[in-house]
Amino acid sequence: MPKPLHAPAVALSRRGIARLGAAFLLAVTAPMVMIQPAQAQTAVRFMLDWRFEGPAALFLMGLEKGYFKAEGLDVVIETGNGSREAVPKVASGAYDVGFGDVNSLIRYRDENPGVDLKAVMMVYDKPPFAIVGRKSRGVSADVKSLEGRKFGAPAADAAFAQWPIFKTINKLDDSKMRLENVGFPVREPMLASGEVDAVFGYANSSYINLKSRGVPVDDIVVMLMADYGVELYGNAIMVSPKFLAEKPEALRGLLRALARSFKDTVADPDLGAQLVIKRNDVARVEVELERLKMTLEQNVVTPFAKANGFGGIDKARWERALDQISLTYSFKDKARAGDAFTDAFLPPVAERQF
């Protein structure tokens, strides 16, 4: 008996159906794979020590170049109101990471033994703590010229916080001085107008601000405390205890990104100043560029940082700094307070060379 003519067609139809079914499943599932959400980035709330001025370029560069995103981090950088303010804000967890005065951090640890707040990267190897005065007001490079003068001294200023150490080391009698608590906004204007003879501040802030207000350069005296026997460190990256404990890999990624950001800022400060201006429309690019270059030359790209890689500390100097702090502050537990820095999360030295 001859086979039905339609049998092969039926068989082909079944194979075709199978192929069509597979193609249909692929068509349905493929888009589902493609639209899977990207892995969520780790949010990092970062607090600066001050406004968006020249030194902020060190951090803004990482945003501009996408270095934080490349590490899986969604970093938001916010301004601060002084280098000491970052300490309690980061300790409380209000911010994950901050840029602030490591000496204030050391004292905070001693006063709050239940909070294990740490610095994880040194930025200002040579601190910008300074006394800035005017020759026309009787101030010179000789520390003895400070006696009998009137000072603008913001209570929250990190440089003023080191005054007890500076005057002790240099054997100054402050009974012959007048220290007036002034706000940050009026500090340099008061010195420019002659209402005070000198101010406490960061050199990269007070000096540049005075120049921009028209005070002649040859009338400005800058006493960097580090040049007068003060061995303290300056601003460092500090991280909240919660973030450090729960997200150590994110912290390592953050420091890798910062290392790249710092190197690029040193290589291209002009771009760094432009990034600052984008976020501060009342600033002038030439002023912020000078401020940034001054910060890099005096505080960041130091001989120690160039020889050993930036971000770390010299342990012998750290101990001497603790001894200097103890000249005017009675530690409850000096060892615990001094355990304020760890290099465990830093990138390799090769990644931290200028």
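This is a predicted model: local features need pLDDT of at least 70, side-chain atom pairs count only at pLDDT 80 or more; totals for chains, interfaces and linings use all residues.
Strands β5 (residues 129–134) and β9 pair in the antiparallel sense, with 5 bridges between them.

- Within the pairing, A130 sits opposite L224 of β9.
- Strand β9 spans residues 220–224 and is mostly covered, with 4 of its 5 residues buried.
- As a reminder when viewing strands, side chains in a regular strand alternate between the two faces of the sheet.

**Helices α8 and α9**
- Two packed helices are described by the angle between their axes and by the distance between the axes.
- Here, α8 (residues 184–193) packs against α9 (residues 203–212) at an angle of about 50°, and their axes are 10 Å apart.
- The crossing of α8 past α9 is right-handed.
- On the α8 side, R187, E188, L191 and A192 make the contact, and they meet S205, S206, N209 and L210 of α9.
- By class, the residues of this contact comprise 3 nonpolar, 3 polar and 2 charged.

**A loop residue to look at: K171**
- You will find K171 in the loop that runs between α7 (163–169) and β7 (178–180).
- The phi angle of K171 is near 55°, which is a positive value in a residue other than glycine.
- K171 has a relative accessibility of 67%, so it counts as exposed, the cut-off being over 50%.

Terms used: Residues are numbered from 1 along each chain as its sequence is written. Side-chain values use heavy atoms; hydrogens and water are left out. Axes are lines fitted to C-alpha atoms, for helices over the stretch in contact, and angles run from 0 to 180 degrees between N-to-C directions. Helices (H or I, at least four residues) and strands (E, at least two) are DSSP runs, numbered from the N terminus. A crossing is left-handed if the near helix is turned anticlockwise from the far one by less than a right angle, and right-handed if clockwise. Contact means heavy atoms within 4.5 Å. Ala, Val, Leu, Ile, Met, Phe, Trp, Tyr, Cys and Pro count as nonpolar, Asp, Glu, Lys and Arg as charged, and the others, Gly among them, as polar. Buried means under 20% relative accessible area, exposed over 50%, partly exposed in between (1.4 Å probe, protein chains only). Two strands pair if DSSP finds at least two bridges between them.
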